[in-house]
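Here is a short note to read beside the model. Please keep the sequence open as you go through the points.

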Amino acid sequence: MKKLALSLLVASAVTTSGLTQPAPTTSSRWPAITQQTKPWTRWWWMGSAVTPGDLTTLLTQYQQAGLGGVEITPIYGVKGTEQQFINFLSPTWMDRLDHTLTEAKRLNLGVDMAQASGWPFGGPWVSPADACKYVTFKTYTLKPGQRLSESVTYVQQPMVRAVDEAIAIEKLADPVAKNPDLQRHAFDQVRFQKPLPLQTLMAYGNGQALDLTRYVDTNGQLTWTAPIGATEKPWTLYAVFQGWHGKQVERAGPGGEGDVIDHFSKAATQHYLQRFDKAFTGRNIGSLRAFFNDSYEVDDAQGEANWTPALFTEFAKRRGYDLKQHLPELFDTSDEQHRRVLSDYRETIAELILENYTRTWHDWAKNRGKIIRNQAHGSPANILDLYTETDIPEIEGTDLLRIKFASSAANVTGKPLISSESATWDNEHFLSTLSDVKKDLDLFLLGGVNHMFYHGTNYSPPQAEWPGWLFYAAVHVNPNNSFWTDFSKLNQYVARCQSFLQRGKPDNEVLVYLPTYDAYAQPVKQGKDRSEPRLLQHFDGIEHGFKELPVAHQAETLLQKGYSFDFISDKQLTRLTTANGRLVSSGGATYRTILLPNVQYMPLATLQQLVKLAQQGATIIVAGKMPTNVPGLGKLAERQQAFDQLIKRLAFSKTDKEERISVGKGAFLRGSSIDSLLTRAGVNRESLVDRQLQVIRRRFSTSGRQGHYYFILNSGDKPVGDWVSLATNAQSATLFNPMTEQTGRAAIRKTSAGLSDVYLQLAPGESCILETTVTGQHPAEPAFVYQQAAGKPQPLSGTWTVDFVSGGPTKPASVTTSQPGSWTDLPSDGVKVFSGAASYSLTFPRPAGHTGGWQLDLGKVAESARVQLNGQELATLIGPTYQLTIPGSLLQPTNKLTITVSNGMANRIADLDKRHVNWKKFYNINMSARLKENRGKDGLFTAENWQPHPSGLLGPVTLTPLSSLPLSDR
């Protein structure tokens, strides 16, 4: 035991990100790499100034770099190329799409297409009737017997917001799409001065609510006298008007500029999609896979889009009462009645965007043999329900709980793919490394994403002067980026991970009820102008809409403690069934329990379903208090009475004591300790999170075997070399390293609890796939090679030769140096402004005294490295650690080590900015800085104040003798 403890200690000190051999074991059990398992990229067509020849050239480069497909998104153009602009959906544009589809099919690349030029959905063919709307109101006070002297009118005030060149509103024609120079101005929001149509005029007094709309003539004059009642209290009049929100398509390309649609109107959605039907007529788009929507984002402007002409009618049909009778409660009060009316209003809006936009769009695509990818976050609706209507839910951001909204909806409803807009703003422009991007991608994998999209890749003609055509977001994934030489390694890693995570089914054990009606009942802080009220919540993960509710803290607790869970909506919950005491979702996923996170408002139908599920054998956890109220106002007394009767049947006490109430074959558990409640419900946590390991798990059943796929990441800053516990039982296990491609049978042992431990060696930032088998025969395979240090690190010394092999603006002359270091410190001319690749070569003798393998540690690298020994390629290393294993058999008496390092674009860009070379020549937002210290006097990004960033092999470079770590428990 003492010997084993010592070897474990030594092993944990070896940072073996390179558990690989130079010729890694390529087990036949690696899943096949397909077009779908590879990462894809958003392909920005700037000005749609694309040519057939360049389309073919670029698609070929993308395919050779390991990308699986592209998503075409037309976007604003490049200044000076106006003669090459192609209007979105024009015949010429469609010709370019045809060519792209043909060439992509030849290269086995998939193609999706954004269904707008920019975002959100909108364009020049969107009429004022179909454009997004807002609601505004005026109030008047009349004494009994008094008539209103002023007219019931509302004139919308003019406003113009241009991202690029400003212009006075007086110079613009209505609608905006009719104006010239739309690319030059890049309008974000435009409102013209005009009278707004009256939606209703209501009078409130003497306990009455009177509809006066019919008494208002075409000039706005009210022919009505306030009645004299039993009291002399005044009458309050509410006049509601419909305004044009004025939101324009963001970042629109030529032919795509115009108003954003009314997402709450089915007619608006249908009319919008008819333009695509017209463009596609006579065209073969058979190989186009999906249409894409790049987020809601209507309300990142002044005011919010919160109205549609049919709102009053739809509200009455859906909520069972007339909203016009309750305008004061909607607009002005903050009591319980206000919360209920506001909740009903928000629920109505949510249903309209679900049915009239998302479902209408989905059905349109399905009828044409296509699927949709949709970013639902930011919408004023339950985004879990919106994702339910989406074939491939897509998320963005770097918050795990936010990411889980898309994956939860997919898991619950059985959708096999979850995509991500990845690495949008990772660092400042030109500073993001492949290691930085990998860190973001690992987070998406942990959140359940299994279909990555980079954000993104600019179409940039090969002949364009460096740095080429660039988008304003900060990670530039294109061949002009000097990290492109090693980009394929990252893509290989992602493909290997996704090849597992697209298999099997999700294996989360807890369903967390999303308290949407608690969020609907939260008033929104009003701005100074209350006549244009803010009425909606815009939901975007936990941070936006749920941050102040108990679910935020409880979900974070589950995440930190290693409990696997999905969020579930009311609509999704009503489709749950039970089998053998487990909950079964409509998509076939199974769960042990539902957790109610201290909910206040819950629909009667939801509570009834929970009781039904418990009666059938399910366990329901109440973390905190039981819900106390039904939401909304319609038929409140009737619904609340039925709700209260169900709550009384559960008969929980008012103490904090943990309690269990049996209901049929199942039970409700209530208490304040989530850990204790989940344990009683039979839920195991993945305790490896206590070791700074993060994990996601899927289950599989194939070829007579059942088991689990684990994706495990060392997110800490220290290496892990130890036994770690799994929350599942395993008879055997196989380790797959998706970066090095080493595989082998893992060391595994049983625990006293009947579960399993597995031995892992992971460097900081390193990940592995673990395939465990519960039942069935595990394929015979060699044991995984665990290694430990057999001596101290030995520095590699001698004369290093540095040769600049590719990049610019010019290649510096070769130099020699006694030790590796940043090439920006070398004496050659041009090294401080060089971006590209340089090889560091060293001849060294074989170290004496050890015949086994060695760990080569490059120390610090800026920023990625390809390692070659004696003319043989060993590995490409992208960080965050830069180590690999060299078998002793590869070392000769005299050896030549060549390490080719690629840096980023920063130093060359800084040189352009210091010399005031105009490379920022793009319309619209051009190049915005992420950090204000990198913002120039013109408001744009600049690197002119940057000092040279370290580049190359920084070292120290060492060799450490290795020996195998004997582990008998297999």
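1. Contact here means heavy atoms within 4.5 Å. Helices (H or I, at least four residues) and strands (E, at least two) are DSSP runs, numbered from the N terminus. This is a predicted model: local features need pLDDT of at least 70, side-chain atom pairs count only at pLDDT 80 or more, and totals for chains, interfaces and linings use all residues. Residues are numbered from 1 along each chain as its sequence is written, and side-chain values use heavy atoms, with hydrogens and water left out.

2. Take helices H10 (residues 400–413) and H14 (residues 550–561). Their axes come within 11 Å and cross at roughly 90°. Axes are lines fitted to C-alpha atoms, for helices over the stretch in contact; angles run from 0 to 180 degrees between N-to-C directions. H10 and H14 are therefore roughly perpendicular to each other. Angles under 35 degrees count as roughly parallel, over 145 as roughly antiparallel, 65 to 115 as roughly perpendicular and the rest as oblique. Leu 400, Leu 401 and Lys 404 of H10 meet Ala 552, Ala 555, Glu 556 and Leu 559 of H14.

3. Among the residues in contact are Leu 311, Phe 315 and Arg 318 of H6, with Tyr 345, Ile 349 and Leu 352 of H8.

4. Which residues of H5 are buried? They are Ala 268, Thr 269, Tyr 272, Leu 273, Phe 276, Ala 279 and Phe 280. Buried means under 20% relative accessible area, exposed over 50%, partly exposed in between (1.4 Å probe, protein chains only). Seen down the axis of H5, these buried residues fall within an arc of 130°, so they line one face. The arc is that of the directions from the helix axis to the C-beta atoms. They pack against helices H3 (91–106) and H8 (336–366), and against strands S3 (110–114), S4 (122–123) and S14 (288–293).

5. Arg 496 sits in helix H12 (residues 487–501). At 13% relative accessibility, Arg 496 counts as buried. Its side chain makes a polar contact with the side chain of Glu 741 (2.5 Å). A polar contact is a pair of N or O atoms within 3.5 Å; within protein, one must be able to donate a hydrogen and the other to accept it, and residues adjacent in sequence count only if both atoms are side-chain atoms.
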